[in-house]
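The following paragraphs lead through a single structure, from its overall architecture to selected residues. Please keep the sequence and the model in view while reading.

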Amino acid sequence: MDKPYTGGCACGAIRYSIVGEPLFSNHCQCRDCQRESGSGHGSYATFARAGVTVTGEAKHWDMTANSGNAKTRCFCTHCGVAVYMTFAAQPDVFTIRVGSLDEPARYKPQAVTYAARAYGWDRLDPDLPKFAGMPPG
Ligand SMILES: [Zn+2]
Ligand SMILES: [Zn+2]
């Protein structure tokens with residue numbers, strides 16, 4: 001079996017281990033991700049929830065995404081780092097922030113979402129497919 005994807009917050013209070021490869025890996029340039037990342041986009045990898053083990057207690061913040069779906073952003077109350085997200089409408093997936101990985105070099109982004117919200121100074125790999133919002137389907 002391939003090596004699990006491991007990671008967590010900055011202080012180590014929240015840790016995760018994930019078996020399996022990402023289902024989807026994207027940079028997101030929506031306003032929510034800009035605000036939260038403090039930059040032009042957030043970078044995410046989404047996995048099947050079944051392979052995920054989390055230790056430590058995250059604080060949950062529920063919000064309505066640009067897509068209209070409810071999403072829950074989960075962060076560490078001690079160091080403040082946002083580590084992962086879950087989605088009420090898709091309980092079988094689990095999305096991590098790529099910067100939380102122990103080995104971020106393993107990340108292979110596949111697409112850019114909410115490219116319609118991008119700023120000119122936030123240039124991403126021009127070879128990646130870009131979607132104005134979320135990809136259809
Ligand atoms: Zn922490
Ligand atoms: Zn976003």
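Helices (H or I, at least four residues) and strands (E, at least two) are DSSP runs, numbered from the N terminus. On that basis, the chain contains one helix and ten strands. Their order from the N terminus is β-β-β-α-β-β-β-β-β-β-β. The radius of gyration of the chain is 14 Å, close to the 14 Å that the globule rule gives for 137 residues, so the chain is as compact as a globular protein of that length. Here the radius of gyration is taken over C-alpha atoms, and the globule rule is 2.2 Å times the number of residues to the power 0.38.

This is a predicted model, in which local features need pLDDT of at least 70 and side-chain atom pairs count only at pLDDT 80 or more, whereas totals for chains, interfaces and linings use all residues. Residues are numbered from 1 along each chain as its sequence is written, chains are lettered from A and ligands numbered from 1 in the order in which they are written, and side-chain values use heavy atoms, with hydrogens and water left out.

Along its principal axes, the C-alpha trace spans about 35 × 35 × 30 Å. The accessible surface of the chain comes to about 7500 Å², and carbon and sulfur atoms contribute 52% of it. Such areas come from the Shrake-Rupley method with a 1.4 Å probe; for residues, only the protein chains shown count as cover. Of the 137 residues, 43% count as buried, a class defined by under 20% relative accessible area, with exposed meaning over 50% and partly exposed in between (1.4 Å probe, protein chains only). Contact means heavy atoms within 4.5 Å. Among the contacts with a separation of 6 or more, 56% are between residues 24 or more positions apart.

The charges may be considered next.

Which residues coordinate the zinc ion (ligand 2)? The SG atoms of Cys28, Cys30 and Cys33 do so, at 2.2 to 2.3 Å. Along the chain, these donors follow the spacing C-x1-C-x2-C. Donors are N, O and S atoms within 2.8 Å of the metal (3.2 Å for Na, K and Ca); water is not among the atoms, so sites may look incomplete. Cys28 counts as buried at 5% relative accessibility, and Cys30 is buried at 1%.

The loop between β9 (93-97) and β10 (111-113) includes Gln110. With a relative accessibility of 40%, Gln110 is partly exposed. Beyond its neighbours within four places in sequence, Gln110 contacts Leu23, Phe24, Ser25, Leu128 and Pro129. The C-alpha atoms of Gln110 and Asp127, 17 residues apart along the chain, lie 9.5 Å from each other. Ser100 is also found in the loop between β9 and β10, but this residue is buried, at 7% relative accessibility. Neighbours within four places aside, Ser100 is in contact with Gly7, Gly8, Tyr16 and Val83. Tyr114 has a positive phi near 55 degrees although it is a residue other than glycine, and it is buried, with a relative accessible area of 11%.

Lys3 is placed in the segment before β1 (5-8) and is partly exposed at 47% relative accessibility. Not counting residues up to four places away in sequence, Lys3 touches Glu103 and Arg106. Lys3 and Val19, 16 residues apart in sequence, are 7.4 Å apart in space, C-alpha to C-alpha.

Two further positions complete the account. Val81, in the loop between β7 (70-75) and β8 (82-87), is partly exposed, with a relative accessible area of 28%. Leaving aside neighbours within four places in sequence, Val81 is in contact with Cys9, Ala10, Cys74, Phe75 and Cys76.

Lys71 and Thr72 are in contact with Asp62, its neighbours within four places in sequence being left aside. Between the C-alpha atoms of Asp62 and Arg123, 61 residues apart along the chain, the separation is 29 Å.
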